[in-house]
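Dear colleague,

Please find below the structure that I am handing over to you. My notes on what was found in it follow.

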Amino acid sequence: MLRNLVARRRRAARTAFAVLLGVSLISGTYIFTDNIHAAFRELFSDATRGSAVIVSSRQDLAVRVNAPAKTHVHLISLIRSLPGVAGVEGEITNTATIIGRNGKPIENTYAPTLGLSYVPPQFGRFTFVAGSPPTGPDQVAIDQGTAQQQGFHVGEMVSIVTDQPLRRFRISGIAHLGSVSLGGATFAVFSLPTAQSLYLENGRVDQIAVTATKDTTAAMLISEIRPLLSPELTVTSAQTEDDAEVAGIADRLGILTDGLLAFGFIAVFLGAFAIFNTFSMTIAERTGEFALLRALGATRRQVLDAVMLEAAAIGVAASLVGLLGGFLAAILIRALFVAIGSSLPSAGISLQLQTAELGLGVGLLVTIGAALVPALRATRVPPLQALREYQAPRKSSRRSDWLRSAAALALFAAGLILALTGSGSASHRLTRSAVGAGAVVLAIVAVSPIVIDRMVRIVGWPLERGGRILGRLARENSARNSTRTAATASSLMIGLALVLFVTVYANGLRTSTNRIIDRTLLADFTIQSSDGSSPIPPATVEAVTTLPEVQAVASLTSAEGRLGRSGLVAAEGVDPSTFGQVYRFDWVHGSAASLASLLPGSVLVEQDTARSAHVSVGDRIRMTTETGLQSTVTVRGIYRDQALLQGFVLPISVFDRLFHQPRIQAVFVKLAPGTSVAGAAAQLTTSLRPFPGVVARSKQQVEAEVGSHVNGVLALFYALLALVVGMSLLGIVNTLSLSLHERTRELGMLRALGMTPEQTRVLIRDESFITAALGAIAGVVLGVLLAWIVTLALAGDGVVFALPVLQVLGLLALGLLAGVVASVLPARRAVRLDVLAAISQE
Amino acid sequence: MTKGPAVYCRYLIKRYGEGETAVEALRGIAVSFERGSFTAIMGPSGSGKSTLMHLLAGLDRPTSGNVWLDGTSLDGLDDTELTRLRRTRVGFVFQSLNLIPVLTAEENIVLPLRIAGEEIDEGWLERLLRAVGVEDRRHHLPSELSGGQQQRVALARALMSRPSVVFADEPTGNLDSHATEVILAMLRRAVDDFGQTIVMVTHDPLSAAHADRILFLQDGLVVRESERLSAPEILDSMKTLQLLI
């Protein structure tokens, strides 16, 4: 039986390709994330190498760590006096943007720009490749990557923005952190006193690294240090700290990797369609062979085993190659990230056992699962069939059609109900509607073989107009095996539906974001970093407050925290006395008085966070900062805003005390009445000149900026979806080739009867077009339906259903075009068909 | 219709392969088929009879020599031109699986004309349907017809375009004796009633006995040509020529 595979190499290869792609994508995702985790782990352990314990209030290195922390230097001397302590060093980790030779800040999206204090070699961190550590207040050491990229040398002057406006420093040395690529991250290293003057107050540090004497363990040091600490400080071993930081990154990359994995599984699922089709067809073709086997005494079981063995062989081979493909996929995924403007650190790429197991397991299971039904059909071939000619499989009975339709309808209804009746937080409703949407898709896939005949007739109608016999032939051929056409069209349908769903959903999200900003933002200008998400130096506030055009200035400070049992959400700090002048809350429960009464001990909660935390106005709830500090607060108001103020809002006085890493996210500027907006814009730009990378945006520009973030994510999705659609195209090619192979004799006869090569091409193109048109139309309808379901589920959060007509039409055209493209290769082969060989074949 | 033979060929040689392994399927054949004649080509397998038919029908190209179909030289015609010629000047009846399974009997009959985009002569269609006795089954799919009925539909299709010549390649090879008789009688009537030229490749003496003329092929050459013979006479000729081995 396995010899069959060798004989049908080409077909087996094509079947296997679908599985291969899916497995590649899944294992590629794991290889990619493993690699990033490994890189970050190495980065952190290099950074903390040598230190036994760390007293810290810092967040992880991957995210910007920015604003002042309050560890007093006198704590350092207390720790130094403890037994078992070999060395103690205070550290500062913050941000610093180096200005490139072209006068523009060196920034890479999602990659940190670090400002660090120098620590001696025994505490890890730096390896100098040129020059020496910074000493005076005007010296800096920069990272090797930046130095190489910009051609900076020791002794040169370089401009750097810290919490202070632009300042020039002399490069004392060039260093790197550990051995991994920083992936676009840059750093500037200052002497500790310089760093303190730039970022904090004298005598304060972010964290304290402690090394132990030879016979002292980290645990012993921790138990000694802990009693010395004030409640907002923590002490952890360097190992634990690394683990926590890596886990934090895993969390942040989680959404992304989940998305990638989802695509991997969709690819495998679509692969299952291709496998099902191929096996159905090869088994139909080999009916005689199975009958002969049965006539020669093989039991049904033996026939089944033989076919399943074949499937398993394909599954294993495809998965193994797929694992290799995973490496390629990992590289491509990284390239994709670079393409959308973010780079990540990299360590050596390696395949974890777990990844291999998962890839192999999924590939094998799906192949065997998809081959099972065709294989069972093979066992039902009676031995006598060997003596008869092959006949096309009979259509399923009307009764089973009814049962199937009823089941599909029930599934469809259940899916709709599930999707539309959710309550609670947005993420909960989103999950629910996603499951419901999945059920709707399955229902449509299940019912497709029954309705496909009629669908083919409708879709193929234009091809047959004017009595075109080729159009009619194409239509009949497509309807000839409804299961096959249905499976092929389904995979294109799912691919296109996903593209469309993402498009419509993103469009709705963008529209709703714009509406929110329109409704809530009173400020004429918003000062933020050019990428819209990086923090900006606090000194920018003073830089604009004094301008005569400005009536009010209010800053928005951000960190992350939890409210009750909500997940990690944005925590915002505002000054209640000024914030109302630049921002109008969209109250669900509350009024302008709620903002005014935002005293220490109170909190305003965004509607969605309120849902997931199960709180309403008047409730008291525990708020937890990311460093683990807790405080009980009273809910004073609930508002709606999924664009600017997600999470919850605290008064700035409390915020600065509780959060050790507050970051100024934006500064809102309201102009005095009668001021020229253009003049003010020019004034603001001038005032912000010492802060490269910081810009003042009008309301429209803020909206565009928020929209462009959606676009970035969209680009990533589209790249993956292109893969999925490409796979369904491959499915069409595969099915078409197989069905043409089945009809070799028929094609030969048509050619003998006077069908020209060109007409042959047209016939095949029409067949392909019909399948693609079915998939494209169904895909577009389904995509819009899914988007509608999900936006309806999220309607309460202001997500609106906005149909991008142009994109919908474009996708439809793309799907149809896909059908034409898919037919090119099979048609070429059919045209080259040797007419004589075809008709002589008995 | 042009004058002269429906189809004729000169010095037809067909060689497969190159050098030492080359096989000559036809080694120089010159035959002519008059209009309204019914010719049987006989010979053992490997004698070249199918190859000859393929060359005459423009389905394949000779290594050397030339074929004239209804006065048109096939030499130098490209694939599309040959195809266009076949559409209207040539009819085919193959041994089996003649029909397109998704089209009805009637649609199969008019298929070549539809492919060529030509007018359908409804009167002629009705006459043919009646002549081959499938007028009551015209809307049936091939799978709903018996083997004999399928071949009759195929014959009607071959006649539909009033071609210069109909090539029948073992048209009764898959049929029982009764159905065979019916088909052969219909071929005969097509010649007698419609003046159709028919060239039939067969190895069955009983079939060949219906033809006006019989060509015996052996090793790529016409070894004997005779006027109408009875089945026993054909068998005798085959024995003398040692064509039965």
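Which residues of helix 13 of chain A are buried? Please bear in mind throughout that this is a predicted model. The buried residues of that helix are A:Ile469, A:Leu470, A:Gly471, A:Leu473, A:Ala474, A:Arg475, A:Glu476, A:Asn477 and A:Ser478. Because nine of the twelve residues of helix 13 of chain A are buried, this helix is largely enclosed by the rest of the structure. Its length also agrees with expectation: at 1.5 Å a residue, the twelve residues of helix 13 (residues 469-480) of chain A should span 16 Å, and the end C-alpha atoms are 16 Å apart.

Chain A as a whole

Chain A contains 26 helices and 24 strands. Of its 842 residues, 50% count as buried. Among the contacts in chain A with a separation of 6 or more, 84% are made by residues 24 or more positions apart.

In general, nonpolar side chains tend to be buried together in soluble globular proteins. Here, the largest nonpolar core has 195 residues, of which A:Ala267, A:Leu496, A:Val724 and B:Leu187 touch the most other members. Helix 23 (residues 757-793) of chain A gives the most to this core, with 17 residues. Domain 1 (1-50 + 215-391) and domain 3 (451-520 + 700-842) of chain A both contribute residues to this core, and therefore it lies between them. As for A:Ala267, when residues up to four places away in sequence are not counted, this residue touches A:Leu21, A:Gly22, A:Leu25, A:Leu723, A:Val724 and A:Met727. Another core, of 99 residues, lies apart from the largest one, and its members include A:Ala554, A:Phe579, A:Ile621 and A:Val702.

The open sheet of chain B

In chain B, six strands form an open sheet in the order 7-8-9-4-10-11, with mixed pairing. Strand 7 (90-93) and strand 11 (221-227) of chain B are the edge strands, each pairing on one side only. From one strand to the next, the twist averages 20°. Within this sheet, strand 8 (residues 165-169) and strand 9 (residues 198-201) of chain B run parallel and are joined by four bridges. B:Val166 stands opposite B:Ile198 in strand 9 of chain B.

Two helices of chain B deserve mention here. Helix 5 (residues 147-160) of chain B packs on the sheet and touches strand 7 and strand 8 of chain B, with its direction at about 175° to that of strand 7. Helix 6 (residues 177-194) of chain B also packs on the sheet, where it touches strand 4 (38-42), strand 8 and strand 9 of chain B; its direction makes about 155° with that of strand 9.

The hairpin of chain B

Strand 1 (residues 7-16) and strand 2 (residues 23-29) of chain B run antiparallel, with five bridges joining them. B:Lys14 stands opposite B:Leu26 in strand 2 of chain B. The two strands form a hairpin with six residues between them, and B:Gly17 in the turn has a positive phi of about 80°.

The contact between the chains

Where the chains meet, 20 residues of chain B are in contact with 18 residues of chain A. Helix 2 (79-89) and helix 3 (105-116) of chain B each supply at least two residues of the side of chain B that touches chain A. The largest share of that side, six residues, comes from helix 2 of chain B.

With kind regards

Technical notes
Residues are numbered from 1 along each chain as its sequence is written. Chains are lettered from A and ligands numbered from 1 in the order in which they are written. This is a predicted model: local features need pLDDT of at least 70, side-chain atom pairs count only at pLDDT 80 or more; totals for chains, interfaces and linings use all residues. A residue is buried if 20 or more other C-beta atoms lie within 10 Å of its own, exposed if 12 or fewer, and partly exposed in between; C-beta atoms are placed from the backbone. Two residues are in contact if their C-beta atoms, placed from the backbone, lie within 7 Å. Two strands pair if DSSP finds at least two bridges between them. Axes are lines fitted to C-alpha atoms, for helices over the stretch in contact, and angles run from 0 to 180 degrees between N-to-C directions. The expected span of a helix is 1.5 Å times one less than its number of residues. A nonpolar core is a set of buried Ala, Val, Leu, Ile, Met, Phe, Trp, Tyr and Cys residues joined through C-beta atoms within 7 Å. Domain bounds come from an automatic or database domain assignment.
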